[in-house]
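Here is a walk through a two-chain structure.

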Amino acid sequence: MIQNALGREIPDRIGSRTVVPFGGAFAKTATGTKAPRPQKVAAQREDKVLPSIEAAIEACGLSNGMTISFHHSFREGDRVINLVLDACARMGLKDLRICPTALFGVHEPIVGHIESGVVSRIEGSMNGPVGAFISKGGKLREPAVLRSHGGRWRAIEAGTMEIDVAFIAAPQADSYGNATGIPGKTPCGPITFQAVDAQYARQTVVVTNDLAPYPVFPMEIQQGWTDYVVVVDEIGDPASITSGTLQLTNSPTNLLIARLTVEAVKASGYFKDGFSFQGGAGGLSLAATKFLGDEMEKAKIVGSFGMGGGTKILVDMLRRGQIRAILDGQAFDLDAIASLREDPAHVMMDPGMYANYDSRGCSTYKLDAAFLGATEVDLDFNVNVNTHSDGQLLHGIGGHQDVAAGAAMTMITLPALRGRIPPVVDRVTTVTTPGEVIDVIVTERGLAVNPRRGDLRERFQAAGLPVRELADIKRDADRYIQPVRRPVFGDEVIAAIEWRDGTVIDVVRKVDGWQ
Amino acid sequence: MEARVGAEAKGDCLVVARQAERASVTVATKNRNLLETGIRTVAEAVLEALGTPGVAIEVQDQGALDYVLAARVEAAVRMVLPEAKLIRTERVERATSAADRPRRSRLYAPGNNPRLLVGIDIHGADCVLLDLEDSVPLGDKAAARVLVRRLLAAVPFPDEVWVRINPLDAGGREDLAEVLEGRPHGVCLPKAESGEGVRDLAKELGEIERRLGIDVGSTHIMPIIETARGVLRCEDVAEADERVAVVAFGAEDYTRDVGARRTGEALLFARSRVVAAAKAAGVQASDTVYADLANDAGLAEECARARDLGFDGKGAINPRQIPILHRAFSPSEDELAQARTIVDAAREAESRGLGAVAVGGRMVDQPVLERARRLIKYAETLVKGGTA
């Protein structure tokens with residue numbers, strides 16, 4: 001057992017890997033080289049189209065124990081992960097490792113594939129029903145590994161996560177293997193998340209429901225990377241691709257938090273021409289982004305860029321000239337997809353560009369302000385987005401670490417009171433993102449500033465904002481609820497939480513009992 | 001005999017109480033491991049305070065805070081055991097409030113809806129109004145009373161908190177007996193139509209205050225004028241008792257009562273009368289609510305008109321309306337600067353033994369000077385109270 005820089009107890013080995021403990025948000029320095037990529041040579045006039053997923057599995061030589069990967073740009077509407085895993089099951093494959101960029105509720109059938117031994121390991125993300133299943137005692141052959149968007153890209157480039165076959169759902173593709181998520185029958189926005197898979201995987205299979213004449217474009221996935229193209233009837237349900245969460249909140253508490261967030265941005269010193277920000281897709285973040293746009297308009301400020309997931313709110317700001325560009329890795333609604341198609345200032349990017357620790361530049365490092373959510377924060381400003389207070393692993397990391405580490409001012413927005421379970425705690429159940437990269441926590445009962453940011457504290461106080469100690473906010477909220485019981489964790493590790501540099505920031509252990 | 005109180009709705013809980021041989025508590029919650037113990041602790045404390053009567057309690061929790069849970073359990077037990085008395089609980093300290101403190105906003109919250117009540121204290125309203133009247137269905141009145149009392153006891157409001165009761169002869173007396181335990185700053189009397197009605201309320205308040213050891217006379221009254229009869233007799237209402245601190249106007253009931261459409265013109269007579277009556281009695285006037293939540297511009301416009309008429313504040317049906325109300329009913333920087341110039345000029349004239357003062361070529365007479373002083377004092381109160 002070792003203690004990492006946050007004092008979290010981590011085993012020396014997790015499954016088959018030796019652990020490098022987290023040493024600080026920017027502690028790791030560059031050493032060595034990236035992993036080599038497999039060599040591929042095309043035959044002239046090759047047609048890569050295969051009649052079915054089974055045919056592709058066979059052609060790739062996928063066998064027991066191998067690793068396959070997926071992207072999540074169809075979100076709740078995805079059909080492809082289930083299609084591929086069902087085909088693997090029918091073909092009698094066992095012991096597969098899956099590397100999705102994220103999972104959703106729609107991927108619940110994976111639970112059955114774990115029980116039947118088709119899937120035995122997961123790296124990347126383990127949200128929703130699969131996380132719940134593992135938390136409740138479902139067994140994987142090795143603990144899961146959770147990585148941020150940037151961390152996943154880095155791990156593939158580093159050769160830490162080797163992929164045998166990348167299955168890439170594509171709203172449109174040509175028979176030579178160029179693929180995109182922007183046009184097509186069921187557009188989902190950029191499919192750049194798997195650009196790194198396509199380059200590093202031994203084999204790459206594009207799965208589409210819209211085979212178009214050569215060339216399709218933009219080419220998020222390129223012909224030079226693609227081995228096979230499979231056409232299926234359905235890859236996603238358009239109604240669920242754009243998430244239902246894309247509604248401005250109407251909760252008075254969340255609106256209050258959103259307003260306070262924007263007041264803090266205004267007072268922060270970053271709010272001037274050239275200002276840049278990242279807003280998320282939750283109702284609260286959407287409201288904050290909307291209010292921010294209103295304030296920029298009032299103050300006649302022109303921002304340099306807004307970072308997505310792209311939404312109508314960001315697109316409207318771009319059209320009104322309030323920001324010069326949108327940098328987008330994902331598109332959350334049809335307005336954002338249309339804008340990507342039509343507006344050169346709406347720039348598509350991949351996680352390697354926006355979030356990769358092992359690179360000479362991340363777009364997140366150019367952010368002035370970001371507002372992110374959390375399930376828990378603690379008095380050291382550590383943030384948990386993975387587990388709930390009962391120890392269940394229910395969410396992936398997404399871009400949380402990458403954005404928090406990058407933005408000059410990272411704000412966590414969360415209510416101080418959320419039913420009977422307190423979000424502000426003495427010690428988070430799991431550390432996803434360390435307090436050293438969190439600057440401000442905004443609640444409906446005031447905002448708390450990280451002691452490292454005395455400068456922000458002074459500015460907020462000068463602007464008359466309700467700056468408070470996090471411990472006082474916690475006390476205010478706790479008076480309304482009996483203490484909750486806390487889980488007692490056993491030794492068994494069910495998942496490792498990697499920091500974006502590949503070190504282990506925390507582990508999720510199985511709950512053994514209750515205090 | 002069985003009683004069901006609350007609902008399976010977010011922030012609330014459904015409590016079912018039945019007479020039984022022995023007291024018992026069963027808890028259903030989505031998060032049994034984390035929450036069951038805490039919920040049980042709260043429910044058992046309520047039963048214990050009632051002498052552990054033979055009542056079986058089932059709690060179906062949906063994230064209710066302790067005071068909501070306790071209120072639901074208490075209300076349910078008291079329904080199956082009518083002889084059970086209300087439970088005295090610890091309560092937060094609450095200082096009495098000055099009759100003339102600023103009340104730019106009075107924010108309504110439905111008294112039996114935890115989802116909208118929880119956090120009602122944090123939106124910066126000058127005056128929060130917990131409603132037991134129109135927003136509470138008849139069958140929920142008893143449960144709402146207990147919930148409002150427990151909320152008052154648990155939540156330290158930064159500014160004022162009031163309760164709107166039912167008419168005295170339709171549940172209002174029961175409302176008062178219960179909620180005064182929670183020490184609201186004031187009580188709002190709906191459909192006020194006569195001085196006598198106000199005096200009846202004042203008398204009742206006095207008796208309860210004496211019984212509970214509250215400073216007699218410290219609980220304010222806000223009559224709401226919302227009927228034709230009320231409008232015609234609002235002088236009597238405003239002058240009826242020292243406790244009256246503010247007279248409010250309610251347009252919804254008034255338009256229904258007189259058969260008017262809700263236009264500015266239709267309401268002008270009533271509004272003007274209410275303002276004149278309030279000011280003649282030396283108290284504040286507060287305008288009706290604005291129901292179109294999506295229309296911020298319309299609200300700002302109506303606030304400006306109300307302020308022109310002499311109103312000091314306005315009702316709000318949602319916290320998002322509060323900043324607009326506060327902007328409208330606070331002195332602007334220009335107004336304040338003008339007032340300071342007038343007061344300074346008057347002081348200077350006085351020190352030089354001059355009787356008449358002119359500012360910007362206009363004579364400043366006594367009423368103008370008085371108004372300038374009042375404005376400055378009011379602005380200072382807003383800053384001191386942290387409500388600016």
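Leaving aside its neighbours within four places in sequence, B:Gly186 is in contact with B:Glu160, B:Trp162, B:Thr219, B:His220, B:Ile221, B:Met222 and B:Ala245. Two residues are in contact if their C-beta atoms, placed from the backbone, lie within 7 Å. This is a predicted model: local features need pLDDT of at least 70, side-chain atom pairs count only at pLDDT 80 or more, and totals for chains, interfaces and linings use all residues. Residues are numbered from 1 along each chain as its sequence is written, while chains are lettered from A and ligands numbered from 1 in the order in which they are written.

Is B:Gly186 buried or exposed? B:Gly186 is buried, because 27 other C-beta atoms lie within 10 Å. The cut-offs are 20 or more such atoms within 10 Å for buried, 12 or fewer for exposed, and partly exposed in between, with C-beta atoms placed from the backbone. B:Arg243 is 57 residues away from B:Gly186 in sequence, yet 8.9 Å away in space, C-alpha to C-alpha.

B:Gly186 sits in strand E8 of chain B. Helices (H or I, at least four residues) and strands (E, at least two) are DSSP runs, numbered from the N terminus. In chain B, 8 strands close into a barrel with parallel pairing, in the order E5-E6-E7-E8-E9-E10-E11-E12. Pairing requires at least two DSSP bridges between two strands. From one strand to the next, the twist averages 25 degrees. Axes are lines fitted to C-alpha atoms, for helices over the stretch in contact, and angles run from 0 to 180 degrees between N-to-C directions.

Take one pair. Strand E5 (residues 105–110) and strand E6 (residues 127–131) of chain B are parallel, with 5 bridges. B:Pro110 stands opposite B:Asp131 in E6(B). Helix H6 (residues 195–212) of chain B packs on the sheet, where it touches strands E8 (186–189) and E9 (220–225) of chain B. The direction of H6 makes about 150 degrees with that of E8(B). Helix H12 (residues 322–329) of chain B lies across E5 and strand E12 (313–316) of chain B, at about 175 degrees to E12(B).

Now turn to the partner chain. 19 residues of chain A are in contact with 20 residues of chain B. Helix H8 (residues 252–267) of chain A gives the largest share of chain A's side, 4 residues.
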